[in-house]
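The helices and selected residues follow.

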Amino acid sequence: MVSHIMSINAQELINMAHKRLCNQASKETKEVMQDICKQIIELCPYMKDVLVPLCVYRNGKCTEMFSCKGEK
């Protein structure tokens, strides 16, 4: 178990979610980011539409080298 404290602004959190929720991220990375996003959305429900994988944010367009096929 590791304790971790982050100090980031909303834009940094959005950028992090875009990458860490992608299907290209490891299972463990996605799980941690999903937990973080869940807690943020409980406090700030208006962030729900932006704390998503980048392909979802871009309406299905994946920009990764090996596409995740733009999961929606």
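The largest nonpolar core comprises 9 residues: L13, I14, A17, L21, M33, C37, M47, V50 and L51. A nonpolar core is here a set of buried Ala, Val, Leu, Ile, Met, Phe, Trp, Tyr and Cys residues joined through side-chain atoms within 4.5 Å. Buried denotes under 20% relative accessible area, exposed over 50%, and partly exposed the range in between (1.4 Å probe, protein chains only). Two or more residues of this core come from each of helix 1 (10-20) and helix 2 (27-43), and helix 1 gives the most, with 3 residues. Helices are DSSP runs (H or I, at least four residues) numbered from the N terminus.

The model is predicted: local features need pLDDT of at least 70, side-chain atom pairs count only at pLDDT 80 or more, and totals for chains, interfaces and linings use all residues. Residues are numbered from 1 along each chain as its sequence is written, and side-chain values use heavy atoms, with hydrogens and water left out.

**Helix 2 and its partner**

Helix 2 has 17 residues and reaches 25 Å from its first C-alpha to its last, close to the 24 Å expected at 1.5 Å a residue; the expected span is 1.5 Å times one less than the number of residues. Its buried residues are K30, M33 and C37. Viewed down the axis of helix 2, these buried residues fall within an arc of 70°, so they line one face of the helix; the arc is taken over the directions from the helix axis to the C-beta atoms. The face turned away from the buried side of helix 2 carries the exposed residues E28, V32, K38, Q39, E42 and L43.

The buried residues of helix 2 pack against helix 1, where contact means heavy atoms within 4.5 Å. The two helices, helix 1 and helix 2, pack at an angle of about 140°, with their axes 9 Å apart. Axes are lines fitted to C-alpha atoms, for helices over the stretch in contact, and angles run from 0 to 180 degrees between N-to-C directions. The contact is made by L13, M16, A17 and R20 of helix 1 together with T29, K30, M33, I36, C37 and I40 of helix 2.

**Selected residues**

| Residue | Relative accessibility | Class |
|---|---|---|
| A17 | 0% | buried |
| H18 | 8% | buried |
| Y57 | 44% | partly exposed |
| N59 | 63% | exposed |

A17 is located in helix 1. Leaving aside neighbours within four places in sequence, A17 is in contact with M33, C37, L51, V52 and P53. A17 and L54 are 37 residues apart in sequence, and their C-alpha atoms are 7.9 Å apart in space.

H18 also lies in helix 1. Not counting residues up to four places away in sequence, H18 touches V50, V52, P53, L54 and Y57.

Y57 belongs to helix 3 (residues 54-57). With residues up to four places away in sequence again left out, Y57 touches H18, D49, V50 and V52. Y57 and D35 are 22 residues apart in sequence and 19 Å apart in space, C-alpha to C-alpha.

N59 lies in the segment after helix 3. Most residues other than glycine have a negative phi. N59 has a positive phi of about 55° although it is not a glycine.
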